[in-house]
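Student: I would like to learn how to read a helix pair and a ligand shell. Please take one feature at a time.

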Amino acid sequence: MSGVLEIERLTKEFQRDDVATVALRDFSLSIGTGSFVTVLGRSGCGKSTMLNLLSGLQKPTSGRVLHHGRPHTGPTPDIGYLTQSDTLMPWRTVQRNVEMPLEIAGTGRAERRATAEDLIARVGLAGFADSYPRELSGGMRRRASLARMLASGAETILMDEPFGALDAQLRRELQGELLRLWAQTRQTVVFVTHDIDEALLLGDRVVVLGALGRILLDLEIGLGRPRDLEAIAETPAFAELRHTFAAALRAGAEAGSEAAA
Ligand SMILES: Nc1ncnc2c1ncn2[C@@H]1O[C@H](COP(=O)(O)OP(=O)(O)OP(=O)(O)O)[C@@H](O)[C@H]1O
C-alpha cells in the first residue's frame, strides 16, 4: 500500500559562498495514512530539514516527495506544520491566533470561537485566551502554536520538537492530550524529537536517524492504544525498547564520528 507521503531519495544541500553543507542525503521513507510516526535523532542529523522538505517550504536539491501519489510542489493546507520557531501573529490574541486557520477556511464565528476555546483549554491555556503572544512565556507560546495548528484540521501534521521547551510535568500532560486528540482525528502525524521516551510513548512507528538523515532503525513498536503513558513508561517492554533505541542512537553517533575523522 502506498503512503500519504512517499519520500524518494531526498538530498538537500545548502550552498553559502563557496561552502556546501549537506543536511540530508538520499533519504527515503513511506508514511502510511493515519499513522503516528516519530522520528528520533541527535541535533544536526537533518530532522528539521526533512520536515521543511515534507511541508513543501524548502525544495530538495534532488529527489522528490509524493503527496497522495502526486509530486509535492509547495505548501498546502492539507499539511500542517508546527515549526521550531515561533510563528504566532504578535498583533492577535491567543484566541484570534488559534481561530486564524478557521477564518481562512471560512468557518462561522460561533463555531470558530467554540473550537478555539476547546483547543486552548486542552493545551492548558484557559485563562490566557485574551493575552497577546508577548505576554506569554516561551512554553505558553509553543502551546498556543500547537492549538492553532490543531485548529487547522490538516489531514497530515508535521511537528518539530513541539514539547522541547516545556517542563517535564507539562510535557507529559500535553503528550497525553495530543494522543487523545489524535485518537479522535486519526490524522497522519510525523513528530520529530531527540527524546527517546517521547518517541516511544507517542509513536506507532519510530524511525531513528543518524548523520545526514541515514536511517539507523525503523520499527513498529507495538505498544498498543490507548496508552496510559505513566504506566507504559514503567513496563519491561518499554525498558527494552528504550535500550534498543539508545543503542541505535549510540551506534549512529560512533559511525558519524568515524566518518568525520
Ligand atoms: N539554511 C541552512 N544553511 C546552511 N546549513 C543548514 C541550513 N539548515 C540546516 N543546515 C545544516 O544542516 C544540518 C542539519 O540541520 P537540521 O536543522 O535539519 O538538523 P536537526 O536534526 O533538525 O537539528 P536540531 O535537532 O538541532 O534541530 C546541520 O548541519 C545544519 O547546520
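Student: At what angle do helix α2 and helix α4 pack, and how far apart are their axes?

Tutor: This is a predicted model, in which local features need pLDDT of at least 70, side-chain atom pairs count only at pLDDT 80 or more, and totals for chains, interfaces and linings use all residues. Residues are numbered from 1 along each chain as its sequence is written. Helices are DSSP runs of H or I with at least four residues, strands are runs of E with at least two, and both are numbered from the N terminus. Axes are lines fitted to C-alpha atoms, for helices over the stretch in contact, and angles run from 0 to 180 degrees between N-to-C directions. Here α2 (residues 94-104) and α4 (residues 138-151) pack at about 25°, with their axes 7 Å apart. Angles under 35 degrees count as roughly parallel, and α2 and α4 are therefore roughly parallel to each other.

Student: Which residues of α2 meet α4?

Tutor: Contact means C-beta atoms, placed from the backbone, within 7 Å. V94, N97, V98, M100, P101 and L102 of α2 meet A144, A147, R148 and A151 of α4.

Student: Which residues in α2 are buried?

Tutor: A buried residue has 20 or more other C-beta atoms within 10 Å of its own. In α2 these are V94, N97, V98, E99, P101 and L102. The buried residues of α2 pack against α3 (109-122) and α4.

Student: Which residues are around the ligand?

Tutor: A residue is near a molecule if its C-beta atom, placed from the backbone, lies within 6 Å of it. Around the ligand are F14, T21, A23, G41, S43, G44, C45, G46, K47, S48, T49 and H194. Two or more residues come from each of β2 (19-31) and α1 (47-55). The largest share, 3 residues, is from α1.

Key:
Angles under 35 degrees count as roughly parallel, over 145 as roughly antiparallel, 65 to 115 as roughly perpendicular and the rest as oblique. Two residues are in contact if their C-beta atoms, placed from the backbone, lie within 7 Å. A residue is buried if 20 or more other C-beta atoms lie within 10 Å of its own, exposed if 12 or fewer, and partly exposed in between; C-beta atoms are placed from the backbone.
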